[in-house]
Amino acid sequence: MALAQASHIQTFMNWLRELLTGDGRTLKIRGGLTLPRNKPGLPVDNNIVSLNVPEHIVIPLLDYHHKPVTPCVRTGQSVSTGDKLAPGIIASTGGTVLTIEDRPVIHPSSLLAPCVVIATRSEQINQQPVHCALDVPSIARIALCGVRGLGGAGFATATKLERSAPLGQPIDTLIINAVECEPGISCDESLLICEATSVVRAMIVMMELTACKRCVLAIENDKLLALAALKQAMQQLSTLSKNIDVQLLAPIYPSGAERPLIERVTHIRLQEGRRPVDQGVVCINVATALAASQAQEGYPLVSRIITVAGEQAVNAVNVRVLFGTPVRNVLEQTGNLQNIKLSRVRVGGPLSGFDLNNLDTPVTATTNCISIEAPLVTNSPDPCIRCDACSEVCPVDLLPQQLYWYAQQDDLDKSTHYGLNQCIECGCCDVVCPSRIPLTQTFRYARSALQEQTQAKQRATDAEQRYQLREQRLSAKAAASEAQRKMAKTTLTQGNDPIAAALARAKQRRNNPDSDNPA
Ligand code: SF4
Ligand code: SF4
């Protein structure tokens with residue numbers, strides 16, 4: 001037994017050495033920060049604890065762009081796990097719709113949005129498949145099962161894959177992103193440790209779905225437990241997993257951000273405004289890939305693994321949480337609710353996340369971390385000293401000091417020119433700025449202003465188009481009436497007036513009543 005274990009460790013170490021040294025294979029992103037890696041809540045017993053389902057869950061009726069969508073359920077209606085609540089939104093558990101009303105949702109600006117509130121009827125997360133999903137095509141199954149990106153963005157996975165399906169854009173490389181969003185988050189790492197075999201199977205399914213030639217699993221080189229589990233799973237499925245490569249990355253924050261990661265792994269420079277799929281690459285978070293493959297068997301995506309951590313966390317854990325569970329309930333069930341009034345609760349991690357103003361906001365697909373931090377001591381910022389530290393760490397090669405200058409003046413045109421749309425809001429520039437300038441926060445607000453402006457322009461263009469179409473319809477109708485009037489006039493002029501002819505026939509019948517009778 002001990003001998004077998006020693007040989008297993010030796011095989012893993014050889015494989016790791018090969019990955020680390022072969023062809024200089026550990027990649028490094030541009031810029032970024034090397035931060036202390038404090039890994040909270042990694043499962044030691046290969047088990048991620050599922051939290052109990054709360055009495056009420058709250059499902060926001062918002063699409064990817066945070067636009068409200070129309071519900072297709074009503075108050076009092078009974079719903080089951082996986083039932084459609086609105087386009088692209090499913091019920092994460094069964095119960096009765098209590099109300100549909102505005103509630104706080106997870107958003108940097110404490111947004112209120114319409115939500116479906118469900119009184120639940122089960123205490124456990126339902127892991128049963130939705131059978132009706134099995135008789136529809138593969139990509140549609142992903143949509144029916146409500147699969148969204150679990151890496152942070154929450155983009156609908158079916159939409160992402162539609163363009164890459166065998167009849168769409170040919171895909172050279174499928175990247176499965178197992179690089180954690182932040183050093184303090186370990187939800188993807190714990191997934192790999194606990195479910196490595198399912199993850200390898202999911203990668204094989206995703207390769208078939210995207211009809212791609214090559215699949216690369218990108219992961220940091222210091223996730224040794226996850227790498228060991230992965231190696232074992234790949235050995236078990238060696239015939240099927242032969243087209244899967246493991247790409248190691250130096251543990252530099254934010255290596256997991258999609259664009260820098262794609263550029264490092266594929267050496268393709270992504271063009272602004274184009275999606276990676278247009279350039280033959282699909283990048284999917286590892287947990288999303290697993291959810292998309294489970295959707296093939298009809299399992300809806302109703303929960304996710306969340307890291308509960310932070311410098312003030314009493315109990316740092318990775319837990320599986322049902323979508324719609326209020327953050328307060330997660331903190332309570334994990335034993336982190338005490339002294340919370342003296343702390344700051346952030347969602348999405350200490351760097352890329354944001355402070356939450358209301359603990360009753362519900363967990364969604366994008367909630368990868370709930371971080372409990374010390375209250376912020378705010379010193380007002382000093383003027384920029386043009387030290388350039390921010391541009392040195394920017395992973396997407398921006399000039400944050402210039403961008404800030406225009407963003408704070410609401411000059412959206414100039415901000416766009418300086419790459420506002422390319423900012424991934426990683427927060428690296430904030431960390432290094434000696435003047436404590438709130439760069440990322442300013443960029444975040446400028447981006448939402450830009451989004452609103454773009455949407456307003458789109459609405460104006462749509463309205464203009466509708467007006468033009470209406471004008472065209474009205475003038476076509478007027479032209480048709482005019483043509484008809486002219487034709488009628490011509491008929492009259494030529495003595496072919498049908499009314500006059502009818503009157504003449506009636507007159508004739510009056511004068512000669514027998515004329516109509518052929519007998
Ligand atoms: S927040 Fe934006 S500007 Fe700042 S380092 Fe990250 S990507 Fe660059
Ligand atoms: S790091 Fe701060 S002080 Fe230095 S150039 Fe950037 S914004 Fe200015």
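What follows is a tour of a ligand site, a pocket, a cavity and a few strands.

Some ground rules: this is a predicted model, where local features need pLDDT of at least 70, side-chain atom pairs count only at pLDDT 80 or more, and totals for chains, interfaces and linings use all residues. Residues are numbered from 1 along each chain as its sequence is written, chains are lettered from A and ligands numbered from 1 in the order in which they are written, and side-chain values use heavy atoms, with hydrogens and water left out.

**Stop 1: ligand 1**

Select ligand 1 and show what surrounds it: 13 residues, the closest being Cys394, Cys423, Ile424, Cys426 and Cys429 (near means a heavy atom within 4 Å). Helix 12 (428–432) and helix 13 (439–493) each supply at least two residues of this shell; helices are DSSP runs of H or I with at least four residues, strands are E runs of at least two, and both are numbered from the N terminus. Colour the shell by class and you get ten nonpolar, two polar and one charged residues (Ala, Val, Leu, Ile, Met, Phe, Trp, Tyr, Cys and Pro are nonpolar, Asp, Glu, Lys and Arg charged, the others, Gly among them, polar).

Now hide the ligand. Ligand 1 sits in the largest cavity, meaning that more than half of its atoms lie within 2 Å of the cavity's grid points. On a 1 Å grid over the protein atoms alone, a cavity is a set of points where a 1.4 Å probe fits but cannot get out, while a pocket is an open set with protein on both sides within 12 Å along at least five of seven lines; lining residues have an atom within 4 Å of a point. The largest cavity holds about 90 Å³ of space, a volume being the space filled by probe spheres set on the points, which are joined across faces, edges and corners. Phe443 is among the residues nearest its centre.

**Stop 2: the second largest pocket**

Select Arg344, Arg346, Leu376, Asp430 and Gln441, which lie nearest the centre of the second largest pocket, out of 25 lining residues. Strand 14, strand 15 (354–355), helix 12 and helix 13 each give two or more residues to that lining. Helix 13 has the largest share, with four.

**Stop 3: strand 16**

Arg344 leads on to strand 16, where it stands opposite Glu373. Strand 14 (residues 344–347) runs antiparallel to strand 16, joined by four bridges (pairing takes at least two DSSP bridges). Strand 12 (residues 303–309) pairs with strand 16 in the parallel sense over three bridges, with Val308 opposite Ile370. Which way do the side chains of strand 16 point? Cys369, Ser371 and Glu373 go one way, Ile370 and Ile372 the other, and all are buried (under 20% relative accessible area with a 1.4 Å probe, protein chains only; exposed is over 50%, partly exposed in between).

**Stop 4**

Next, pick strand 8 (residues 173–177): five of its five residues are buried, so it is largely enclosed by the rest of the structure. Its neighbour to show is strand 9 (residues 214–220), paired in the parallel sense over five bridges; Asn177 has Ala218 as its bridge partner there.

Finish with Arg37, Glu180, Glu220, Ile252 and Tyr253, which lie nearest the centre of the second largest cavity. That cavity has a volume of about 50 Å³.
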